[in-house]
Amino acid sequence: MKNLDPQLLWALCGVLSLLAVSSLIGFAIKVTVKKPEAQATIRNLNARIAAWWVMCAIFGLTLVIGQVGSLILFGMMSLLALREYVTLLPTRRADHRTLFWSFFIFTPLQYFLIGIHWYGMFAILIPVYAFLFVPTRLAIAGDTESFLQRASTIQWGLMVCIYCLSYAPALLMLKIPGYAPDAKLLLYLVLVDQLSDVLQYVWGKLLGKHKIAPVVSPNKTWEGFIGGVLTATLIGTALWWMTPFRPWVAALVSLTITLMGFAGGLTMSAIKRDRGVKDYGTLIKGHGGILDRMDSMCFAAPIFFHIVRYFYVR
Amino acid sequence: MKAHPIAGIIAAAARLISGVQVRWLDSEPDPRQAVYFANHSSHLDFVVLWASLPADVRCVTRPVAAQDYWNRGLRRALAVNVFRAVLVARHAKKTEEVHDERPASGDPRLAIDHMLDAMGDAESLILFPEGTRGTGEEVAAFKSGLYYLCQRRPGLRLIPAYLNNLNRILPKGEVLPVPFISRLTFAPAITLETGESKPAFLARAREAVCRLKDI
């Protein structure tokens, strides 16, 4: 409970009010807009808001528990994300044992390394050791059909779903002089990244006309992108007080988070389109799967971590 | 029928590991007597199918399982007490390797008697008419058990189901599961029609399962 400092509490209260306002707006739209063609969107909007309450409750709870809570939460999300990813991709019978290693050895190990604050091993476990292990294990299994494609499919899943996502709770192992406790930094990343997603959706629904990448992601528009990135950066700047950054640095960092988040959403959409599906899963009502919600985080977290580590950790 | 105290927990664990998404096409779960029949590619098949039924249906539904696999140690304890499985002998594996055509022994009919006994007049069965696990890509020809059951019990409702991805979670020959997301699709019941021949009926039943694969 040592993480409950006043700034963290303020930020959590902010999230709570934001949820309350969203629910009110969602309710108002539901009551006032009667156009039949808008009903599906409105239902989806309210399902999304309802799911946000649950997600915020779970995330808030794990933040309050402390490092172990965050590690368990993100570790579970990594497993669920990897599960959605490999289900979608063509795997062969000979991949079975390699996949078992990915789920039950590499994933727990990666989060364990964060838990014991072994940065050096955390940073190379998957890009070096798992990277070499996966093709070796596949070669031992003896099936050479589409060998390189199968190996890189699993390597990519490990990198995105486990390695990249684990950078978010890894923020808790950074020791920044004159700044404590660090749970605020994780909350800051999640807030800016997820608000950027939400605001891009909202601006896109309100003003969206010009498609940004019609083939890859038909719902993304220039209006949504610019509006979302600008407003999320603005909010990220206004929240500088909960970070070790000065306001102008907070602005640059938030901009980076939102742009990386956009890159993540776009890239993960390209995989979905290639496999001919709309969502990775059905776990979060209104949103799709874990990977549909965390795609932006997978790309934003590692970059955010390394910016903070390079400039702020002595 | 009273469910075993840990049946609910086992069912929840099976649903978690298999991540199963259950769909009932033009039908809904119903505790009336029926035979659920599905494609077979994994030892987890009946566990997942059983676990996906609502509790009130699950407690009157008994899987038919192979004696040689489920009759040992902890597996037996689970099979007999929790799943209340009907264990049947997979007749003469060795003979099968020698002769292609299985001789018309009394064995299959014994198994049918055994299943009918287990059903009584209220309980349902889970049955895999392929007889043995396949690779998951093709559904093998159905064995005749399903037909004989219907012949002995006119009007018996048969509910087709298709299990996707179970062969990826626990394929033949593996001990440890990989948690892919699986899918289970139920379709409206079929019945044996009067005068329908055995090959025609078995082909129709197999088609009723196969068509659910990509819906």
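Is A:A50 buried, partly exposed or exposed? In this predicted model, A:A50 is partly exposed, because 16 other C-beta atoms lie within 10 Å. The legends below begin with this residue and then turn to chain B.

**View 1. Chain B as a whole, with its 10 helices and seven strands.** The C-alpha atoms of chain B fill a box of roughly 40 × 40 × 35 Å along the principal axes. A compact globule of 215 residues would have a radius of gyration near 17 Å, and the 16 Å of chain B agrees with this. Buried residues make up 39% of the 215 in chain B. When contacts between residues at least 6 apart in sequence are considered, 73% of those in chain B join residues at least 24 apart.

**View 2. The contact between chain B and chain A.** On the chain B side, 11 residues are in contact with 12 residues of chain A. The chain B residues that touch chain A comprise six nonpolar, three polar and two charged residues.

**View 3. The largest nonpolar core and B:F37.** This core has 130 residues, and the members that touch the most others are A:L165, A:L189, A:A301 and B:F37. Helix α8 of chain A, residues 183-207, gives the largest share of the core, with 12 residues. Neighbours within four places in sequence are left aside in the following description of B:F37. The contacts of B:F37 then include B:L127, B:F128 and B:P129, together with B:L146 and B:L158. Also in contact with B:F37 are B:P160, B:A161, B:A205 and B:V209.

**View 4. The open sheet of chain B.** Seven strands form this sheet in the order β1-β7-β6-β2-β5-β3-β4, and their pairing is mixed. The edges are formed by β1 (21-24) and β4 (86-88) of chain B, each of which pairs on one side only. From one strand to the next, the twist averages 20°. Helix α10 of chain B, residues 198-210, packs on the sheet and touches β2 (35-38) and β6 of chain B. The direction of helix α10 makes about 45° with that of β6(B).

**View 5. Strand β3 of chain B between its two partners.** Strand β3 of chain B, residues 61-66, runs parallel to β5 of chain B, residues 124-127, and three bridges join the two. Within this pair, B:T61 stands opposite B:S124. The pairing of β3(B) with β4(B) is also parallel and has three bridges. There, B:A66 stands opposite B:V88. Is β3(B) largely enclosed by the rest of the structure or largely open? Strand β3(B) is largely enclosed, because six of its six residues are buried. One face carries B:T61, B:P63 and B:A65, while the other carries B:R62, B:V64 and B:A66, and both faces are covered.

**View 6. Strand β7 of chain B, with a parallel and an antiparallel partner.** Four bridges link β7(B) to β1(B) in the parallel sense. In this pair, B:F186 is the bridge partner of B:W24. Strand β6(B) runs antiparallel to β7(B), and four bridges join them. Here B:Y162 stands opposite B:T185. Strand β7 of chain B, residues 183-186, is covered on both faces. B:R183 and B:T185 are buried on one side, as are B:L184 and B:F186 on the other.

View 7. Most residues other than glycine have a negative phi. A:H117 counts as partly exposed, because 13 C-beta neighbours lie inside 10 Å. B:N165 lies in the loop of chain B between β6 (158-164) and α9 (166-169). With 20 other C-beta atoms within 10 Å, B:N165 is buried.

Notes. Residues numbered from 1 in each chain as written. Chains lettered and ligands numbered in written order. Predicted model: local features only at pLDDT ≥ 70, side-chain atom pairs only at ≥ 80, totals over all residues. Rg over C-alpha atoms; globule rule 2.2 N^0.38 Å. Buried ≥ 20, exposed ≤ 12 C-beta atoms within 10 Å, placed from the backbone. Contact = placed C-beta atoms within 7 Å. Nonpolar A, V, L, I, M, F, W, Y, C, P; charged D, E, K, R; others polar. Core = buried A, V, L, I, M, F, W, Y, C linked by C-beta atoms within 7 Å. Pairing = 2+ DSSP bridges. Axes fitted to C-alpha atoms, helices over the stretch in contact; angles between N-to-C directions.
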